[in-house]
Amino acid sequence: MATTAQWVFDRAIHLMDEQSEAGGQTCTEDTREYRLRTLSILNILRHELFPLSDTYRLLGCRRPVCPELTDFDQEIGLDDPVAQGILPYGLAAHLLLGENNPLANYFSQRYLELMAQMRASLPARWESIAPAYGRLDVS
């Protein structure tokens with residue numbers, strides 16, 4: 001099962017410690033404003049993360065893009081390690097901007113660190129290297 005916008009929202013709310021204390025629900029009156037802003041923020045962040053995802057493929061000069069998120073039950077369009085391991089931190093950072101800047105900065109830094117770790121783990125691209133002294137034919 002691929003990661004949905006609701007899954008990422010739930011994890012971001014838990015990171016922010018904004019879930020209901022009674023039962024842990026993330027969709028409450030207190031989180032309503034966050035929920036209203038979430039899909040827009042996720043639609044922006046997915047473009048930053050897309051090159052790190054297995055869903056990124058070079059096809060000539062063009063590449064497919066993640067589908068726009070219009071519903072919380074919709075799949076994010078990124079592979080799960082990126083969507084589950086990095087995206088909640090980016091969402092939490094953006095949701096807290098202007099409200100709790102020290103915590104927003106922490107989540108933003110963590111988001112950037114995780115992106116750098118993922119980028120460093122990507123395999124290098126191979127290039128053809130022309131022989132320095134011509135072609136060697138072995139027949």
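Which residues does threonine 38 touch, not counting residues up to four places away in sequence? They are Phe9, Phe72, Leu91 and Leu95, where contact means heavy atoms within 4.5 Å.

## Before we start

What you see is a predicted model, so local features need pLDDT of at least 70 and side-chain atom pairs count only at pLDDT 80 or more, while totals for chains, interfaces and linings use all residues. Residues are numbered from 1 along each chain as its sequence is written, and side-chain values use heavy atoms, with hydrogens and water left out.

## Threonine 38 and its helix

Threonine 38 sits in helix H2, residues 32-49. (Helices are DSSP runs of H or I with at least four residues, numbered from the N terminus.) With 0% relative accessibility, threonine 38 counts as buried, a label for anything under 20% relative accessible area, using a 1.4 Å probe and protein chains only.

## How H2 meets H4

H2 packs against H4 at an angle of about 130°, and their axes are 9 Å apart. Those axes are lines fitted to C-alpha atoms over the stretch in contact, with angles running from 0 to 180 degrees between N-to-C directions. The two helices are therefore oblique to each other; that word covers whatever is left once you set aside under 35 degrees (roughly parallel), over 145 (roughly antiparallel) and 65 to 115 (roughly perpendicular).

On the H2 side, the contact involves Tyr34, Arg37, Thr38, Ile41, Leu42, Leu45 and Leu49. H4 brings Leu87, Gly90, Leu91, His94, Leu95 and Leu96.

## Rings and a charge

There are 3 aromatic pairs in the structure. In one of them, tyrosine 89 and phenylalanine 107 have ring centres 6.1 Å apart and planes at 55°, so the pair is tilted. (Rings of Phe, Tyr and Trp, with its six-membered ring, pair if their centres lie within 6.5 Å; planes under 30 degrees apart are stacked, over 60 edge-to-face, and the rest tilted.) This pair joins distant parts of the chain, with tyrosine 89 in helix H4 (residues 87-96) and phenylalanine 107 in helix H5 (residues 101-121), 18 residues apart.

Tyrosine 89 is buried at 19% relative accessibility, and phenylalanine 107 is buried at 3%. Ring pairs also tie Tyr89, Tyr106 and Phe107 into a cluster. Arginine 110 lies over the face of tyrosine 89, 5.8 Å from the ring centre; for that, CZ of Arg must be within 6 Å of the ring centre and within 35 degrees of the ring normal.

## Alanine 104

Helix H5 also holds alanine 104, which is buried with a relative accessible area of 1%. Leaving aside neighbours within four places in sequence, alanine 104 contacts Ala93, Leu96 and Leu97. Alanine 104 and alanine 93 are 11 residues apart in sequence, yet 4.2 Å apart in space, C-alpha to C-alpha.

How values were computed:
Buried < 20%, exposed > 50% of the residue type's maximum accessible area, 1.4 Å probe, protein only.
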